[in-house]
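Look at the sequence and the model below, and keep both in view while reading. The text starts from a single residue and then widens to the whole chain.

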Amino acid sequence: MRGELQEFSQIATTSAEPFLPYGEAHGAMQHKVQALGWSLAQVRQVLAKHFQGRNRIWELHEHELTIYLYHLQVTSLTFP
């Protein structure tokens, strides 16, 4: 069923794809996490699951910040 898959496989394939500056992405991620009511443990669990065990924002590559923000956006639409 649409929307049930909790994985996100969008991976940047070229460096020409637009990325948010770190500060802007970080602020948007904090806003989404707070809106979802997630604890730090929940954030780290989601990061580790989707980013090869890396569970801190600063460990992600630039394109992965955008992917994580996309995941947060989709999750917030699924669980308002």
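**From one residue to the fold**

Glutamate 64 is buried, with a relative accessible area of 7%; buried means under 20% relative accessible area, exposed over 50% and partly exposed in between, with a 1.4 Å probe and protein chains only. The model is a predicted one, in which local features need pLDDT of at least 70, side-chain atom pairs count only at pLDDT 80 or more, and totals for chains, interfaces and linings use all residues. Residues are numbered from 1 along each chain as its sequence is written, and side-chain values use heavy atoms, with hydrogens and water left out.

Glutamate 64 belongs to helix α3. Helices (H or I, at least four residues) and strands (E, at least two) are DSSP runs, numbered from the N terminus. Which residues touch glutamate 64, leaving aside its neighbours within four places in sequence? They are Phe51, Gln52 and Arg54, where contact means heavy atoms within 4.5 Å.

Two of these partners can be followed further. Phenylalanine 51 sits in the loop between α2 and α3, and at 3% relative accessibility phenylalanine 51 is buried. Along the chain, phenylalanine 51 and glutamate 64 are 13 residues apart, and their C-alpha atoms are separated by 8.1 Å. Glutamine 52 is also placed in the loop between α2 (40-50) and α3. Is glutamine 52 buried or exposed? With 67% relative accessibility, glutamine 52 counts as exposed. Glutamine 52 has a positive phi of about 50°, although it is not a glycine.

Now take the protein as a whole. It contains 3 helices and 0 strands, and along the sequence the pattern reads α-α-α. Of the 80 residues in the protein, 30% are buried. Among contacts with a separation of 6 or more, 64% are between residues 24 or more positions apart. The accessible surface of the protein is about 5,700 Å², and carbon and sulfur atoms account for 57% of that surface. Such areas come from the Shrake-Rupley method with a 1.4 Å probe, and for residues only the protein chains shown count as cover.

Next comes the packing of two helices. Helix α1 (residues 22-36) and helix α3 (residues 62-78) pack at an angle of about 25°, and their axes are 10 Å apart. Axes are lines fitted to C-alpha atoms, for helices over the stretch in contact, and angles run from 0 to 180 degrees between N-to-C directions. α1 and α3 are therefore roughly parallel to each other (angles under 35 degrees count as roughly parallel). The residues that make this contact include Ala25, Met29 and Val33 of α1 and Leu65, Leu69 and Leu72 of α3. By class, the contact of α1 with α3 has 10 nonpolar, 3 polar and 1 charged residues. Ala, Val, Leu, Ile, Met, Phe, Trp, Tyr, Cys and Pro count as nonpolar, Asp, Glu, Lys and Arg as charged, and the others, Gly among them, as polar.

Serine 76 lies in helix α3 and, at 15% relative accessibility, is buried. Leaving aside neighbours within four places in sequence, serine 76 is in contact with Lys32 and Leu36. Histidine 31 is in helix α1, and its 54% relative accessibility makes histidine 31 exposed. The C-alpha atoms of histidine 31 and leucine 72 are separated by 9.7 Å, with the two residues 41 residues apart along the chain.

Definitions and conventions: Angles under 35 degrees count as roughly parallel, over 145 as roughly antiparallel, 65 to 115 as roughly perpendicular and the rest as oblique.
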